[in-house]
Amino acid sequence: MAHEKHASLPRPGGTLVFVFGTLKQGFPNFVVNQGRRIGSTFRTLDRLPLLLMGERHVPWLIDSPGLGERVAGELYEVDAAALAAMDELEGVGQADGYHRKALRVQAATPGDDAVVLAQVYMKHAAQVVETDVKLGPLAEYTLAHAALYRRRGGQAY
């Protein structure tokens, strides 16, 4: 798909969401992602810790700017219904769930370094129990990592 230069301008009612883990195309929870993909690969502008957590090897992006790596992922434009489905999957509002935050991401396409503000699902550093860290920090969640992932009911978190 060709990179869309105006990724920062979602259509009315649309929200840009940066996904780094199981919501990426071809990954375990992609069925929940009903968004329209924009461009190819994006990376977080800030370095952040991406960890595989617990026996289920769940990918967690930790809200600790300056630590970890510039994390690779995909950018999607979603409507309100798709965003609500993602929020439910990610446990937004639940004590052990993710929170959604606006974060700057940059296109990783050669010749295009556009920076956009997108929503991303993150965990607070206080939620990390060091003994539960299985792998990381990672620069990218890959299909090899996804092969280790185990669902908990309908929840990703």
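**Close-up views of a predicted model**

View 1. The volume of the largest cavity is about 100 Å³. Its lining is made up of 12 residues, and of these Phe20, Gly21, Thr22, Leu23 and Glu90 lie nearest the centre of the largest cavity. By class, the residues that line the largest cavity comprise 9 nonpolar, 2 polar and 1 charged. Two strands, E1 (15-19) and E4 (58-61), each contribute at least two residues to the lining of the largest cavity.

**View 2. The chain as a whole, for orientation.** The secondary structure of the chain amounts to 2 helices and 8 strands, and when the elements are read from the N terminus on, they run β-β-β-β-β-α-β-β-β-α. The chain has 157 residues, and buried residues make up 46% of them.

**View 3. The hairpin of strands E3 and E4.** Strand E3, which spans residues 50-53, pairs with E4 in the antiparallel sense, and the pairing runs over 4 bridges. Within this arrangement, leucine 52 has proline 59 of E4 as its bridge partner. The two strands form a hairpin with 4 residues between them, and in the turn glycine 54 has a positive phi of about 70°. Histidine 57 also lies in the loop between E3 and E4, and its phi, near 55°, is a positive value in a residue other than glycine. Histidine 57 has a relative accessibility of 18% and therefore counts as buried, the cut-off for that class being under 20%.

View 4. The ring of tryptophan 60 has the charged end of lysine 123 sitting over it, 4.2 Å from the ring centre. The charged end of lysine 123 also sits over the ring of tyrosine 98, where the distance to the ring centre is 4.6 Å.

**View 5. The pair of phenylalanine 27 and tyrosine 141.** A search of the whole structure finds 2 aromatic pairs. In the pair of phenylalanine 27 and tyrosine 141, the ring centres are 5.7 Å apart and the planes stand at 40°, so the pair is tilted. Phenylalanine 27 lies in the loop between E1 and strand E2 (36-44), whereas tyrosine 141 lies in the loop between E8 and H2, so the pair ties together parts that are 114 residues apart in sequence. Phenylalanine 27, at 12% relative accessibility, counts as buried, and tyrosine 141 is buried as well, with a relative accessible area of 0%.

**View 6. The pair of phenylalanine 30 and tyrosine 76.** The rings of phenylalanine 30 and tyrosine 76 have centres 6.2 Å apart and planes at 55°, so this pair is tilted. The pair links distant parts of the chain, with phenylalanine 30 in the loop between E1 and E2 and tyrosine 76 in strand E5 (residues 72-78), 46 residues apart. Phenylalanine 30 has a relative accessibility of 25% and counts as partly exposed, while tyrosine 76, at 1% relative accessibility, counts as buried.

View 7. Glycine 136 and proline 137 are joined by a cis peptide bond, for which omega is about 10°. Proline 137 is found in the loop that runs between strand E8 (133-135) and helix H2 (143-146).

**View 8. Glutamate 88 in helix H1.** Glutamate 88 has its place in helix H1, which covers residues 80-89, and with a relative accessible area of 64% glutamate 88 is exposed. Its C-alpha atom and that of tyrosine 98, which is 10 residues apart from it along the chain, are separated by 9.9 Å.

**View 9. Leucine 16 in strand E1.** Leucine 16 lies in strand E1, and at 4% relative accessibility leucine 16 counts as buried. Leucine 16 and glycine 35 are 19 residues apart along the chain, and their C-alpha atoms are separated by 8.9 Å.

Definitions and conventions
Residues numbered from 1 in each chain as written. Predicted model: local features only at pLDDT ≥ 70, side-chain atom pairs only at ≥ 80, totals over all residues. Heavy atoms only, no water. 1 Å grid on protein atoms, 1.4 Å probe; cavity = no way out; pocket = protein on both sides within 12 Å on 5 of 7 lines; lining within 4 Å. Points joined across faces, edges and corners; volume = space filled by probe spheres on them. Nonpolar A, V, L, I, M, F, W, Y, C, P; charged D, E, K, R; others polar. Pairing = 2+ DSSP bridges. Buried < 20%, exposed > 50% of the residue type's maximum accessible area, 1.4 Å probe, protein only. Phe/Tyr/Trp six-rings, centres within 6.5 Å; stacked < 30°, edge-to-face > 60°. Lys NZ or Arg CZ within 6 Å of the ring centre and 35° of its normal.
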